[in-house]
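Biologist: Could you bring up the model and go through the charged pairs with me? I would like to move on to a few other spots after that.
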Amino acid sequence: QMMSQAEGQQRDLIRSIECLPASGHLTSLDQDLLMLKATSMATMNCLNDCFHILQLQHASQQKGSLPAGTTISWLEPKISLANHFKNGAAQNFPAEINKPASVREEQPVAEPCQLTREPEEINPDEELEDICDDKEDDLGAVEEQRSVILHLLSQLKLGMDLTRVVLPTFILEKRSLLEMYADFMSHPDLFIAITRGSSPEERMIRFVEYYLTSFHEGRKGAIAKKPYNPIIGETFHCSWRMPRSNVATDAGTNSSAHTPSEQVTLPKDPEGQAEPDYYTVKFVAEQVSHHPPVSGFYAECVERNMCVNAHVWTKSKFLGMSIGVTMVGEGVLHLLEHGEEYTFSLPCAYARSILTVPWVELGGKVNINCAKTGYSASINFHTKPFYGGRLHRVTGEVKQNMTNTVVCRVQGEWNSVLEFTYNNGETKYVDLTKLSVTRKRVRPLEKQGPFESRRLWQHVTESLRNGDIDKATEHKRALEERQRNEERLRAETETPWCTKYFLKDGDGWVYHKPLWKTVSATQTQQMDSN
């Protein structure tokens, strides 16, 4: 009876706020009232869940124990949101509330595209060192438009899938999700050094070191903002050049990957010319699916006979005062020189404190396995407890599965200092804030295709840099509307979508011309010629 009475009072409160005038001294968009709506809704949902758990506990006391198979889990909110809010379904939110009518009526036309589905070979020599440095270290419009965030939060259900929810433009980073995946490769020296490990144990430990150092640079600043959702068919290309002298040799596990090694004598090609004194790592990513949103990305270093192929499906959920993103998918690192494959997964990401200063946290357990060598790694990204505890903590261990021997332990923070302890008693510290970052190389906009990330989103990015949120929203909306129209047309004509660089392989996606196929074909030709 008390719960029913509280729900009735909460409905009356919401109705009273919604009935306030749109302008004047006190409006329905008043920041304090929006906060009241959001917190009262969250409180009622919490009380409903707690009441349900108490009922289960009461039933178990009467029967002695819970029935077999019973689980206690969070419920969907019992309050019907559709009956509360007169602005309609929870999935179609206005990106801006107080926008002038003249701006809303303006509909910019997205750049017309002639999309060819034939794979394009990108020449790394056409790429130039990236000069963009869009750090997301200030709140900017997020602070100014907090009432819009509150209005949005007051309409979301706990646990709601945010995949199809249109979020406000001012919370966006100035880059696509595909480019964010590329930024995970910002330490190519550590990546290349993996295959130069002298033993399976050392190669696994080097991979763990590279893996844990990749997330720090993948985040642009401490403020949690959201990269652009890639359009289906969108691609991103880049490369890195790494001086050969900067890549760790196989001198030992705890040698620094950022200390120049001994000078390497460069081999000569068949025509007698010396090879370049740098390694090249090439990267390509493509949005292969829209619903669900799946990205495929691939990177290779031909000189070292190594490549990595991965596909990621991002699932985001509303968790009250935070947003959780699950990275569903798998990656495989191929070290062709050693015939080894390392499978790995990715941690979950959380945007915390979305009403104040939003920040990013990683959480969950990931595994890295090499079936051939029998080595594996288990890594835990620890989320901060409600009381006490450290931020961004990570722990892990590398073991030999056949003997169940732990050969290395790691602990620290994934965005600060990592400590590696080896079974011989030695310890190595890696300070991520001091690691050198290699800038990626990207083709200029005028040489990019119409569906390459930077050219596709250039008007949104430019508007965000200029602080023109209304204009950025209109350009973003035009791109999304074009995608919906094209998707509708394919559905009406029953035309399947054709990817450009990645092919479906079971539940995953594989690059159309991976290095392992190229090397295999070359070896076959050499055998035939002999």
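Biologist: Is E361 buried or exposed?
Modeller: In this predicted model, E361 has a relative accessible area of 1%, so it counts as buried. Its salt-bridge partner is R352, with the closest N and O atoms 2.8 Å apart, and R352 is buried as well, with a relative accessible area of 19%.

Biologist: What cut-off puts R352, at 19%, in the buried class?
Modeller: Buried means under 20% relative accessible area, so R352 at 19% is counted as buried.

Biologist: How many salt bridges are there in the whole structure?
Modeller: The search finds 24 salt bridges. One of the pairs is E179 with R454, where the closest N and O atoms are 2.5 Å apart. E179 belongs to helix 6 (residues 177–183) and R454 to helix 9 (residues 453–456), so this pair ties together parts that are 275 residues apart in sequence. E179 is buried at a relative accessible area of 6%, and R454 also counts as buried, at 17%.

Biologist: Which residues are linked with E179 and R454 in a network?
Modeller: The salt-bridge network that holds E179 and R454 also takes in D130, E173, R175, D183 and K440.

Biologist: And K476, which residue does it pair with?
Modeller: K476 forms a salt bridge with E480, the closest N and O atoms being 2.9 Å apart. The two are 4 residues apart in helix 11 (residues 469–493), which means that about one helical turn separates them, and both K476 and E480 are buried.

Biologist: Changing topic, where does S376 sit, and what does its side chain pair with?
Modeller: S376 is in strand 12 (residues 375–382), and its side chain makes a polar contact of 2.8 Å with the side chain of N401. Leaving out residues up to four places away in sequence, S376 touches M204, I368, N369, E397, V398, K399 and N401. With a relative accessibility of 10%, S376 counts as buried.

Biologist: I368 is on that list; what else does F207 touch besides I368?
Modeller: Apart from neighbours within four places in sequence, F207 is in contact with I194, L333, Y342 and F344 as well as I368. F207 lies in helix 8 (residues 200–218) and is counted as buried at 3% relative accessibility.

Biologist: And for the chain as a whole, how much is buried?
Modeller: Of the 530 residues, 47% are buried. The chain has 12 helices and 19 strands, and among contacts with a separation of 6 or more, 66% come from residues 24 or more positions apart.

Definitions and conventions: Residues are numbered from 1 along each chain as its sequence is written. This is a predicted model: local features need pLDDT of at least 70, side-chain atom pairs count only at pLDDT 80 or more; totals for chains, interfaces and linings use all residues. Side-chain values use heavy atoms; hydrogens and water are left out. Buried means under 20% relative accessible area, exposed over 50%, partly exposed in between (1.4 Å probe, protein chains only). Contact means heavy atoms within 4.5 Å. A polar contact is a pair of N or O atoms within 3.5 Å; within protein, one must be able to donate a hydrogen and the other to accept it, and residues adjacent in sequence count only if both atoms are side-chain atoms. A salt bridge is a side-chain nitrogen of Lys or Arg within 4 Å of a carboxyl oxygen of Asp or Glu.
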